[in-house]
Amino acid sequence: VVLLIAGSGPTDMNGNTIGSDYNNNSLLYLAQELAKEGIATLRYDKRGIGKSAGAGASEEDLRFEHYIDDAILWCELLAGDNRFTHITIAGHSEGSLIGMVASSKSNKVKSYISIAGSGTPAYALIEEQLGNQSPALQAEAERINSYLLRGETVENIPPHLKSLYRKSVQPYLISWFRYDPAKEIAKLKIPVLILQGDKDIQVGTDEADKLHAAHPSAAKHIIKDMNHVLKQCETTDAREQIAIYSNPDLPVKPELISHIVEFIKK
């Protein structure tokens, strides 16, 4: 059985972003294709999302560890089900980091899969992304992040960065910034698979390389013409990518399924 962990934002068990047009059913189709191969899956709405809305903490009280603890508890549930003998965690995007930490903390997990996961800490990614817009934005982010990395909140946030660094979200950022994916994946003593699409405009193939460098015994596959939502895409053009993000009917890449099946069944 595979525990599927969704990515960042208000993402439901199917891989869809609640409140947006980004409904792609990526995790739903992944689960269905694995079922055809005799591999069960467990998907769940993230804490505070969809059917898990009642379990959501306020923004001020939410911590990255809540997501890790949720994954561990789902594994405990699966371990108590005598239909299953082997539990694999597969985390997509931000779920990759959640999954690898949960895998290192739970002795119920027998193998781990990173799908489109970053090998760079979140704070560094934020600085890089803002730096692509302007050096001034990057400098401001580095200043704010320096406080958050010390566990300190920041009072004076420039208006143009408040959506990212608003006071209520800073405790979550502090908890998230503690985790370096390269360090976390290096802790794993179980079989590891790293999967990344070469048409992913959110997470580059260099991130898979960083994860693999930290865990050289892991299997790694770069899947040709797969984007961030695990679908066929021949271009990195933003308009075509968005059209695929918003299309719930397209299947996931067959190579994604074959690599996962081979890894679990070998």
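Me: How many aromatic pairs does the count come to?
Reply: The model is predicted, with local features needing pLDDT of at least 70, side-chain atom pairs counting only at pLDDT 80 or more, and totals for chains, interfaces and linings using all residues. Residues are numbered from 1 along each chain as its sequence is written, and side-chain values use heavy atoms, without hydrogens and water. Rings of Phe, Tyr and Trp (its six-membered ring) pair if their centres lie within 6.5 Å; planes under 30 degrees apart are stacked, over 60 edge-to-face and the rest tilted. By this rule, the aromatic pairs number nine.

Me: Is the pair of Tyr-22 and Tyr-245 stacked or edge-to-face?
Reply: The two ring centres are 5.6 Å apart. Because the planes of Tyr-22 and Tyr-245 stand at 75 degrees, the pair is edge-to-face.

Me: Is Tyr-245 buried or exposed?
Reply: Buried means under 20% relative accessible area, exposed over 50%, and partly exposed in between (1.4 Å probe, protein chains only). Tyr-22, at 34%, is partly exposed. With a relative accessible area of 9%, Tyr-245 is buried.

Me: Which residue has its charged end over the ring of Tyr-67?
Reply: A charge sits over a ring if NZ of Lys or CZ of Arg is within 6 Å of the ring centre and within 35 degrees of the ring normal. Tyr-67 belongs to an aromatic cluster that includes Phe-64 and Trp-176. At 4.9 Å from the centre of the Tyr-67 ring, the charged end is that of Lys-46.

Me: Which residue lies over the face of Tyr-147?
Reply: The distance to the ring centre of Tyr-147 is 4.8 Å. The residue over this face is Arg-150.
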